[in-house]
Amino acid sequence: MVDLAFLLITFFMLTTSLSKPQSMDLGLPDKEEDKTKDKPIKVDQVRTMTIIMGKDNKIKWFHGLLESPEPGGSPTDAVYGKNGIRKEILKRVTSIPQATGDKDKGMIVIIKPSKKSTYRNLVDVLDEMAICNVPTYAIVNDISDEEQKLVNEMNK
C-alpha cells in the first residue's frame with residue numbers, strides 16, 4: 001500500500017502543471033553611468049502625456065509640459081479603468097499619428113508615481129499601457145515643484 005501511495009504521489013507531482021507567474025517585459029536603462037546624464041532629454045510635447053499618481057487611487061493627467069500644456073491639456077482628474085484613464089489614452093493613441101502626419105511616431109507616456117501612491121496603482125497604469133498598445137512609456141521618479149503642488153492637491 002505504501003508503494004502504491006508513493007507511486008500515486010509521484011505520478012500527480014509529475015503530471016500537474018504549476019501556475020505560471022504573469023509578467024510584463026520592461027526595458028530598463030543600463031547600470032553604467034550615462035555620460036549624457038546632465039543633458040536634458042527633449043520630448044515632443046504634441047506626443048507626450050503625463051500621468052501623476054496620488055494616494056487613495058487618485059490620478060491626474062495632462063498633455064505636454066505642465067508649465068506650457070497643449071491646448072486642452074490642463075491637468076485633469078481621472079479614475080483607473082476603461083471609463084477613466086484608458087479612454088483618454090485611446091483618444092491620444094489614435095489622434096497623435098493624425099496630428100503629426102507620421103504613423104511611425106506614437107504616443108509617449110510619462111508615468112510619475114508619488115511617494116503616497118500604491119504599487120497596485122502603478123501596475124494598473126502599466127496594464128493600461130499594454131492594453132492600449134502605447135509604444136513608448138517611462139516611469140519617472142522626478143516630480144517638479146509644480147507637479148508636487150498637484151500631488152498635494154490630490155492628497156488632501
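Ile89 is in contact with Met49, Ile51, Met107, Glu128, Met129, Cys132 and Val134, leaving aside neighbours within four places in sequence. This is a predicted model. Ile89 is among the residues with the most contacts inside the largest nonpolar core, which has 19 residues. Strand E1 (48-53) is one of the elements that supply at least two residues of that core.

**Nonpolar cores**

- Besides Ile89, the residues with the most contacts inside the largest core are Ile51, Ile85, Ile111, Val125 and Met129.
- Strand E2 (59-63), helix H2 (85-100), strand E4 (108-113) and helix H3 (119-131) also supply at least two residues each.
- H3 gives the largest share, four residues.
- In soluble globular proteins, nonpolar side chains tend to be buried together.

- Ile51 sits in strand E1.
- Ile51 counts as buried because its relative accessible area is 0%, and buried means under 20%.
- Not counting residues up to four places away in sequence, Ile51 touches Ile59, Lys60 and Trp61, and also Ile85 and Ile89.
- Ile51 and Pro75 lie 24 residues apart in sequence, yet their C-alpha atoms are 9.3 Å apart in space.

**Glu88 in helix H2**

- Glu88 belongs to helix H2.
- Glu88 has 18% relative accessibility, so it counts as buried under the 20% cut-off.
- Leaving aside neighbours within four places in sequence, Glu88 is in contact with Met49 and Trp61.

**The sheet**

- Five strands form an open sheet in the order E3-E2-E1-E4-E5, and the pairing is mixed.
- Strand E3 (76-78) and strand E5 (136-139) are the edge strands, each pairing on one side only.
- From one strand to the next, the twist averages 25°.
- H3 lies across E1, E2, E4 and E5, and runs at about 175° to E4.

**E1 and its two partners**

- E1 is largely enclosed by the rest of the structure, because six of its six residues are buried.
- Thr48, Thr50 and Ile52 point one way from E1. Met49, Ile51 and Met53 point the other way.
- In a regular strand the side chains alternate between the two faces of the sheet.
- E1 pairs with E4 in the parallel sense, over six bridges. Here Ile52 stands opposite Lys112.
- E1 pairs with E2 in the antiparallel sense, over five bridges. Here the bridge partner of Ile52 is Lys60.
- E1 and E2 form a hairpin with five residues between them. In the turn, Asp56 has a positive phi of about 55°.

Technical notes: Residues are numbered from 1 along each chain as its sequence is written. This is a predicted model: local features need pLDDT of at least 70, side-chain atom pairs count only at pLDDT 80 or more; totals for chains, interfaces and linings use all residues. Side-chain values use heavy atoms; hydrogens and water are left out. A nonpolar core is a set of buried Ala, Val, Leu, Ile, Met, Phe, Trp, Tyr and Cys residues joined through side-chain atoms within 4.5 Å. Buried means under 20% relative accessible area, exposed over 50%, partly exposed in between (1.4 Å probe, protein chains only). Contact means heavy atoms within 4.5 Å. Two strands pair if DSSP finds at least two bridges between them. Axes are lines fitted to C-alpha atoms, for helices over the stretch in contact, and angles run from 0 to 180 degrees between N-to-C directions.
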